[in-house]
Amino acid sequence: MIIDTLDNFRQYLAVNPLFSKVADFLEGHDLATMEEGKYELEGTDLFLNVTTAKGKTPDAAVMEAHRVMLDIQIPLSCPETYGYMPAKDMPEAEYNAEKDIVKTPGVVPDSLVTCKPGMFAVFFPQDGHAPCISVEPSIKKAIFKVKHV
């Protein structure tokens, strides 16, 4: 997991070869003013989802993990808290290959971390995470899905 400000995103380009395309996109677009939807940047290897999600309590947030893609989660409208635990510590659950996700409701995360607008969190396949924790009823957010290499 990586947590930092968007101003520092270019410092992480060596993490994944597609991060340079994410950095270029971030510099050329105002995510907060983008319409909701899916934006393909490199086919299925790199795309962006801009969405509004329902804010949840820590108990209602669902722990998830991915096997193929990593998430770069960016809150746009308000702070967003994420539950975290190593994916290897999550209970066995069915993997949905089409959506590249394992969801394990009812799992209490090991820790919580909060990002404000202007920050980002990267969750790798080894990182279980429970997104959308907020006292706000809804969170506008951007999620870059990046093929993990």
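**Notebook: pockets and rings**

I looked up the second largest pocket and noted a volume of about 190 Å³, where a pocket is an open set of points on a 1 Å grid over the protein atoms alone, with a 1.4 Å probe fitting and protein on both sides within 12 Å along at least five of seven lines. The volume is the space filled by probe spheres set on the points, which are joined across faces, edges and corners.

I noted that this is a predicted model, in which local features need pLDDT of at least 70 and side-chain atom pairs count only at pLDDT 80 or more, while totals for linings use all residues. Residues are numbered from 1 along each chain, and side-chain values use heavy atoms, without hydrogens and water.

I listed the lining of the second largest pocket (residues with an atom within 4 Å of a point) and found H66, R67 and K88 among them.

I then turned to the largest pocket, which has a volume of about 520 Å³ and is lined by 24 residues, with E64, H66, I101, I143 and K145 nearest its centre.

Next I checked ring pairs (centres within 6.5 Å; planes under 30 degrees apart are stacked, over 60 edge-to-face, the rest tilted) and recorded 5 aromatic pairs. F9 and F120 are edge-to-face, at 5.2 Å centre to centre and 70° between the planes. Because F9 lies in the loop between β1 and α1 and F120 in strand β10, their pair ties together parts that are 111 residues apart in sequence. Strands are DSSP runs of E with at least two residues, and helices are runs of H or I with at least four.

Methods. Rings of Phe, Tyr and Trp (its six-membered ring) pair if their centres lie within 6.5 Å; planes under 30 degrees apart count as stacked, over 60 as edge-to-face and the rest as tilted.
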